[in-house]
Amino acid sequence: MEIYDRIKYLRKKVLNISQEKFGMELGVNRDVINNIERNRLKKPEQKEPLYQLICTKFDINEEWLRNGTQPMKKNLDT
């Protein structure tokens, strides 16, 4: 599973929210989320801040997001 697959998994299976809602939480529009999930954002300067924001906003372990290393959540009590 690639990083964009994990982002889609997080959004759909864990958070159970739409691309629009996910984008609103991150301060971007639905098209940006769609492009991330389809691996269409090619420039690292576009991706890196979003990856970090996803980890911070949703309490996600960065190692899970980047590499699939468990645990998914930073704080296992939430």
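Axes are lines fitted to C-alpha atoms, for helices over the stretch in contact, and the angles between their N-to-C directions run from 0 to 180 degrees. Helices (H or I, at least four residues) and strands (E, at least two) are taken as DSSP runs and numbered from the N terminus. The structure is a predicted model, in which local features need pLDDT of at least 70 and side-chain atom pairs count only at pLDDT 80 or more, while totals for chains, interfaces and linings use all residues. Residues are numbered from 1 along each chain as its sequence is written, and side-chain values use heavy atoms, with hydrogens and water left out.

Two packed helices are described by the angle between their axes and the distance between the axes. In these terms, α2 and helix α3 (residues 30-37) pack with their axes 8 Å apart and at an angle of about 105°. Angles under 35 degrees count as roughly parallel, over 145 as roughly antiparallel, 65 to 115 as roughly perpendicular and the rest as oblique; α2 and α3 are therefore roughly perpendicular to each other. On the side of α2 the contact (heavy atoms within 4.5 Å) is made by Q19, E20, F22, G23 and L26, and on the side of α3 by R30, I33, N34 and E37. With Ala, Val, Leu, Ile, Met, Phe, Trp, Tyr, Cys and Pro counted as nonpolar, Asp, Glu, Lys and Arg as charged, and the others, Gly among them, as polar, the residues of the contact of α2 with α3 divide into three nonpolar, three polar and three charged.

Helix α2 (residues 19-26) also meets helix α4 (residues 44-58), the axes of the two coming within 10 Å and crossing at roughly 90°. The helices α2 and α4 are therefore roughly perpendicular to each other. Here F22, E25 and L26 in α2 meet L53, I54, K57 and F58 in α4, and the residues of the contact of α2 with α4 divide into five nonpolar, no polar and two charged.

Side chains of opposite charge can pair when their charged atoms come close. A search of the whole structure finds six salt bridges, a salt bridge being a side-chain nitrogen of Lys or Arg within 4 Å of a carboxyl oxygen of Asp or Glu. In one of these, the side chains of E25 and K21 meet with an N to O distance of 3.0 Å; both residues lie in helix α2, four residues apart, about one turn of the helix. Burial is described by relative accessible area (buried under 20%, exposed over 50%, partly exposed in between, with a 1.4 Å probe and protein chains only). E25 counts as partly exposed at 28% relative accessibility, and K21 is partly exposed as well, with a relative accessible area of 37%. E25 forms a further salt bridge with K57, in which the closest N and O atoms are 3.6 Å apart. Since E25 lies in helix α2 and K57 in helix α4, the pair ties together parts that are 32 residues apart in sequence. K57 counts as partly exposed at 44% relative accessibility, and K21, E25 and K57 are linked in a network of salt bridges. A salt bridge is also formed where the side chains of D31 and R30 meet (3.4 Å, N to O); D31 counts as partly exposed at 44% relative accessibility, and R30 is partly exposed with a relative accessible area of 39%.

E37, which lies in helix α3, counts as buried at 8% relative accessibility. Not counting residues up to four places away in sequence, E37 touches Y4, I7, K8, R11 and Q19. The side chains of E37 and Q19 are joined by a polar contact of 2.8 Å, a polar contact being a pair of N or O atoms within 3.5 Å, where within protein one must be able to donate a hydrogen and the other to accept it, and residues adjacent in sequence count only if both atoms are side-chain atoms. K8 lies in helix α1 (residues 3-15) and is partly exposed, with a relative accessible area of 37%.

N61 is placed in the loop between α4 and α5 (62-67) and counts as buried at 17% relative accessibility. A polar atom of the side chain of N61 lies 3.0 Å from the backbone oxygen of P71. Leaving aside neighbours within four places in sequence, N61 is in contact with C55, T69, Q70, P71, M72, K73 and K74.
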